[in-house]
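Colleague: Show me the model, please. I want each label set against its cut-off.

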Amino acid sequence: MTPGEGRTRRQDGTGADDDSDSGLAFLMGFFALGAVVQTAAWLWGHPLAATAALGGAAAVLVALRAALRRTALGPPVRRFLQPLWALVRAGIATRFKLARTRAAASVTGRIEQWAHRPVRQATPAEPAASYTRRSLDHTLEAFEAATPTRFEEMCRELLERDGFIDAVRVGGARDLGADVVAVDGLGRRVVLQCKRYATPLGSEAFQRFNGTARPIHGAAVPVVVALNGFTEPAAAFATRQHLHLVDRERLARWGAGQHLYQVLDIDPGPGRHT
């Protein structure tokens, strides 16, 4: 065998070994790529894990292209891997875009949550009360929304709240001017006429009430409650006849918690407090 023939055989053997090694590398890289892609699909719900898996797939593809570049399988393998390489790059770009979108949405949501946080409102001042407020207090809006019968019942409830005894609503067609009656702690009889009129109460209603409150109902404390106040002649008549008046302003204070006698500036008696 001549020296030229020996060199030819050694070259042929080296080429065959290189082809065998390149094919084995291709097969191993292909199987590794499949494993990476499956892992990425399984972990797709987590952005970091999926991105890392796609990055690993990209590394495998780069290694395959580098290993097969100088072999006969290089060009067809590169053509075969080109779509996979494009898919991997698209997947990585999509994951980064999704992660950026989620981060921006999270930051925006936190800013909106902070901007729309509830602001603590200052508690409005309430009229001074002589006791701890209870559920029987009423507002002017509640008085205005009430029917005439309910208006009388609300006044009865306030008398009961203030500690009056036997507070009863007696208003009706034949009430002779009395709508609510009660007794205070000293045994004095309190008689209320309750008028929920849209206009101020006139003198005629006062004259009827004055004629029945003391002689018929035995009132020691006759009181006229009028949601929208009284006319000047009616108020003057009430002053002369010693009738107690609860106008709109006094009704608001009574409903807000003040005792009736405190509103009317009536002495509750020795040892008693309103």
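Modeller: Secondary structure comes before the rest. Helices (H or I, at least four residues) and strands (E, at least two) are DSSP runs, numbered from the N terminus. Helix α8 spans residues 248-256. G257 follows α8, with a positive phi near 140°. This is a predicted model, in which local features need pLDDT of at least 70, side-chain atom pairs count only at pLDDT 80 or more, and totals for chains, interfaces and linings use all residues. Residues are numbered from 1 along each chain as its sequence is written, and side-chain values use heavy atoms, with hydrogens and water left out.

Colleague: What is the mean pLDDT of the chain?

Modeller: pLDDT is the predictor's confidence in each residue, from 0 to 100. The chain mean is 75, and 58% of the residues reach 70 or more. Residues 7-16 have pLDDT below 50, and this stretch has one contact (heavy atoms within 4.5 Å) beyond near neighbours in sequence. Residues 119-133 also stay under 50. There the model has 13 contacts beyond four places in sequence.

Colleague: Why is D184 called buried?

Modeller: Buried means under 20% relative accessible area, exposed over 50%, and partly exposed in between (1.4 Å probe, protein chains only). D184 has 5% relative accessibility, so it counts as buried. D184 sits in the loop between β2 (180-183) and β3 (189-195). D184 touches F164, I165 and Y261, leaving aside residues up to four places away in sequence.

Colleague: What makes D184 and L186 a polar contact?

Modeller: The term needs a pair of N or O atoms within 3.5 Å; within protein, one must be able to donate a hydrogen and the other to accept it, and residues adjacent in sequence count only if both atoms are side-chain atoms. A polar side-chain atom of D184 lies 3.0 Å from the backbone nitrogen of L186. That distance is within the limit, so the pair meets the distance test.

Colleague: How do you know that β2 and β3 pair?

Modeller: Two strands pair if DSSP finds at least two bridges between them. β2 and β3 have four bridges, in the antiparallel sense, so they pass. A182 and V190 are bridge partners here. Their hairpin has five residues between the strands, among them G187 with a positive phi near 85°. β1 and β2 also run antiparallel, joined by three bridges. R169 and V180 are bridge partners there. β3 and β4 (residues 221-226) pair in the parallel sense over six bridges. K195 has A226 as its partner in β4.

Colleague: Why are β1 and β5 at the edges of the sheet?

Modeller: The sheet is open, with five strands in the order β1-β2-β3-β4-β5 and mixed pairing. β1 (165-169) and β5 (244-246) each have a single partner strand, so one side of each has no neighbour in the sheet. Neighbouring strands are turned by 20° against each other on average, direction ignored.

Colleague: What makes a set of residues a nonpolar core?

Modeller: The members are buried Ala, Val, Leu, Ile, Met, Phe, Trp, Tyr and Cys residues joined through side-chain atoms within 4.5 Å. The largest core has 26 residues. Those with the most contacts inside it are F151, L159, L192, V223, V225, L251 and W254. α5 (148-161) gives the largest share, five residues. Apart from this core lies another, of 17 residues, including V191, A238, L243 and L245.

Colleague: Which residues of α8 are buried?

Modeller: L251, W254, G255 and A256. They pack against α4 (140-145), α5, β3, β4, β5 and α9.

Colleague: Why does E152 count as buried?

Modeller: Its relative accessible area is 10%, so it falls under the cut-off for buried. E152 lies in helix α5. Beyond four places in sequence, E152 touches R169, G171, D179, V180 and C194.

Key. Axes are lines fitted to C-alpha atoms, for helices over the stretch in contact, and angles run from 0 to 180 degrees between N-to-C directions.
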